[in-house]
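Please read them with the coordinates open.

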Amino acid sequence: AITDTGVGISAEDLPKIFKEFFHKDLSGQGNDPGNGLGLKIAQSIVVRHQGSIEVKSIVGQGSTFIITLPLL
């Protein structure tokens, strides 16, 4: 699991975060908006290894990404 203490992700945006080129405009908060590929790439790698990636987030408190991979 990877946890941050960032701005969090709204329930409305959670279903979108693994889509290519999705990013929330946070430019007014001093954050670099990125290009919207990082989570899609991470998900692709995990899925190719027969794993899963999920996220739990609270707006204003941060997010936790949980990666599960099978034992080989």
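1. Aspartate 13 is buried, with a relative accessible area of 6% (buried means under 20% relative accessible area, exposed over 50%, partly exposed in between, with a 1.4 Å probe and protein chains only). The residue lies in the loop between strand 1 and helix 1; helices (H or I, at least four residues) and strands (E, at least two) are DSSP runs, numbered from the N terminus. Leaving out residues up to four places away in sequence, aspartate 13 touches Phe22 and Lys24, where contact means heavy atoms within 4.5 Å.

2. The model is a predicted one, in which local features need pLDDT of at least 70 and side-chain atom pairs count only at pLDDT 80 or more, while totals for chains, interfaces and linings use all residues. Residues are numbered from 1 along each chain as its sequence is written, and side-chain values use heavy atoms, with hydrogens and water left out.

3. Which partners does lysine 16 have in salt bridges? The side chain of lysine 16 meets that of aspartate 13 at 3.7 Å, N to O, and lysine 16 also forms a salt bridge with glutamate 12, with the closest N and O atoms 3.9 Å apart. The criterion is a side-chain nitrogen of Lys or Arg within 4 Å of a carboxyl oxygen of Asp or Glu. Lysine 16 is partly exposed, at a relative accessible area of 28%. Salt bridges that share partners join Glu12, Asp13 and Lys16 into one network. Glutamate 12 is exposed, at 55%, whereas aspartate 13 counts as buried. A search of the whole structure finds 2 salt bridges.

4. On the overall layout, the chain has 1 helix and 3 strands, and from the N terminus its elements run β-α-β-β. The 3 strands form an open sheet in the order 1-3-2, with antiparallel pairing. Strand 1 and strand 2 are the edge strands, each pairing on one side only. Two strands pair if DSSP finds at least two bridges between them; strand 1 and strand 3 pair over 2 bridges, in the antiparallel sense. Threonine 3 stands opposite threonine 64 in strand 3.

5. Threonine 5 is placed in the loop between strand 1 and helix 1. Is this residue, threonine 5, buried or exposed? Threonine 5 counts as exposed, at 75% relative accessibility. Not counting residues up to four places away in sequence, threonine 5 touches Gln61 and Gly62.

6. Phenylalanine 21 has a phi near 70 degrees, a positive value in a residue other than glycine. Phenylalanine 21 lies in the loop between strand 1 (2-3) and helix 1 (38-48) and is exposed, with a relative accessible area of 54%. Glutamine 50 is not a glycine either, and has a positive phi of about 60 degrees. Glutamine 50 is found in the loop between helix 1 and strand 2 (52-58), where it is exposed at 65%.

7. The largest nonpolar core has 7 residues: Ile9, Ile17, Phe18, Val46, Ile53, Val55 and Phe65. Such a core is a set of buried Ala, Val, Leu, Ile, Met, Phe, Trp, Tyr and Cys residues joined through side-chain atoms within 4.5 Å. Leaving aside neighbours within four places in sequence, valine 46 is in contact with Gly51, Ser52, Ile53, Ile67, Thr68 and Leu69.

8. Ile2, Ile67 and Leu69 make a nonpolar surface patch of about 270 Å². Patches are made of residues with over 30% relative accessible area and no salt bridge, with like charges joined within 9 Å and nonpolar side chains (Val, Leu, Ile, Met, Phe, Trp, Tyr) within 5 Å. Isoleucine 67 lies in strand 3 (residues 62-68) and counts as partly exposed, at 37% relative accessibility.

9. As for totals, buried residues make up 17% of the 72 residues in the chain. The accessible surface of the chain comes to about 5300 Å², of which 57% belongs to carbon and sulfur atoms; areas come from the Shrake-Rupley method with a 1.4 Å probe, and for residues only the protein chains shown count as cover. Among contacts between residues at least 6 apart in sequence, 47% join residues at least 24 apart.
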